[in-house]
Amino acid sequence: MTEHDTVTALLPPDLDAQRAAAWEAVRASPGYLTEREAKFLMLAAAAAPASGAILEIGSFKGRSTVGLGLIAKHYGRGPVVAVDPFTSPSSTDPAIGAQRSTFDDFQANVHRAGVADVVEPHRMFSRELAPTWSRPLRLLWIDGDHTYEGATEDIRLFRPHLAEGGILAMHDVLSRFPGATRAFLELVLRSDDFGPTGFCGSTGWAQYRPRARAHPSLVRRKARLARTLEGLLRVLQRGEPTGWRGLQHSFWRSLTPHGAVNASEWIAEVRG
Ligand SMILES: C[S@@+](CC[C@H](N)C(=O)[O-])C[C@H]1O[C@@H](n2cnc3c(N)ncnc32)[C@H](O)[C@@H]1O
C-alpha cells in the first residue's frame, strides 16, 4: 500500500459520489456558493478530524445548509446548527427586496432536500446564540455579517469552541468585502493557533491546532498567503474593485491559490 493509498483510505469511499449528488440539491437553492466551495465544505463536514457539531453562521435561503445537511445525514455526522435572523440585517447581506424574511424559503429548501431532521435552525443573531453555546465544533462555517466588526465578532465568539483538529471556514475572504478579508488575515492567518490553511474559491479555511508547533514549511506558506491577502486588502480598502482596481484585485487574487481542493491531499494535510 502506498502512502497515497493510506491517506485516501481515511476518506469515505463514496465521498465523491455523495458530493456530486448533494451538489445537485445545493444548486437548486438560491445563493452564491459555488460548486468548488460547496464541495470543499462537504469534504470538511465528512472528514474533518475532530468531533463535534457543525455550526453555520448565515444561512440565507439554505444553499450551504443543504450541502452540509446532506453530508452530515449520510455519514451520521450531524447536527448542522444554522443561526441567522433571516432578515439580511448587515450592509454586506444579499438583498431580500420586499420579503420580510428568508426563513420560509430556508425551510422549504431544507425540507425539499430531506435534511430537516439534521438541521437545527436558530432564528437569531450569532451573538445571541453565543452566550448559551457550549458544544464543541468540528466545523465552524462563517457566512454572516462580512463587515470587519461582524466577522471578527463571529471568530472571537466561536473560535474557543473549536475542537482541536476542527476546521474554520469563512466565505468571501477573496471577494469584495474588506471586512471579511481583514478579519481572516488578522485572526486566522496571523494566528499561531491555526495550522494548515488555504483557499477554495473565495472561501478561506484553516485547521485549529492550538498546541502543535507548525512545521517551518507551513509557517512559510501562511506567511506567503498573508502577503497576498495584504495586497488584496490594500486594493479593497481603496473602494469597490472595479476598473483599474478590479484588475489589481484580480492580480492579487491570482497570486493566492484558490482552486478546487484535492480531497486526498487535503486529508493528508489535516491528518499530518
Ligand atoms: C451571504 S448570506 C448567507 C448565504 C448562505 N450561507 C448560502 O449558502 O446561501 C448572509 C446571511 O447572514 C445573515 N446574517 C447577517 N448578520 C448575521 C449575524 N450577526 N448572525 C447570523 N446571521 C447573520 C443574513 O441574514 C444573511 O441571511
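A polar contact here is a pair of N or O atoms within 3.5 Å; within protein, one must be able to donate a hydrogen and the other to accept it, and residues adjacent in sequence count only if both atoms are side-chain atoms. This is a predicted model, where local features need pLDDT of at least 70 and side-chain atom pairs count only at pLDDT 80 or more, while totals for chains, interfaces and linings use all residues. Residues are numbered from 1 along each chain as its sequence is written, and side-chain values use heavy atoms, with hydrogens and water left out.

View A. A ligand nitrogen is 2.8 Å from an N or O atom in the Asp143 side chain. A ligand oxygen is 2.6 Å from a side-chain N or O atom of Asp84, and an oxygen of the ligand is 3.3 Å from a polar backbone atom of Phe60. Of the 610 Å² of accessible area (Shrake-Rupley, 1.4 Å probe) that the ligand has on its own, the protein covers 97%.

**View B. The shell around the ligand.** Around the ligand are 21 residues (a heavy atom within 4 Å), with Gly58, Ser64, Asp84, Ser126 and Asp143 coming nearest. The shell splits into 8 nonpolar, 8 polar and 5 charged residues, with Gly counted as polar.

**View C. A salt bridge between Arg135 and Glu120.** These two side chains meet at 2.8 Å, N to O, in a salt bridge (a Lys or Arg side-chain nitrogen within 4 Å of an Asp or Glu carboxyl oxygen). The pair, 15 residues apart, links distant parts of the chain: Arg135 is in the loop between helix H6 (126–129) and strand S4 (137–142), and Glu120 is in strand S3 (residues 119–122). The count of salt bridges comes to 13.

View D. Most residues other than glycine have a negative phi, and most peptide bonds are trans. Gly78 and Pro79 are joined by a cis peptide bond, with omega about 0°; Pro79 sits in the loop between helix H4 (63–75) and strand S2 (80–83). Phe86, though not a glycine, has a positive phi of about 65°, and lies in the loop between S2 and helix H5 (103–112).

Methods: Helices (H or I, at least four residues) and strands (E, at least two) are DSSP runs, numbered from the N terminus.
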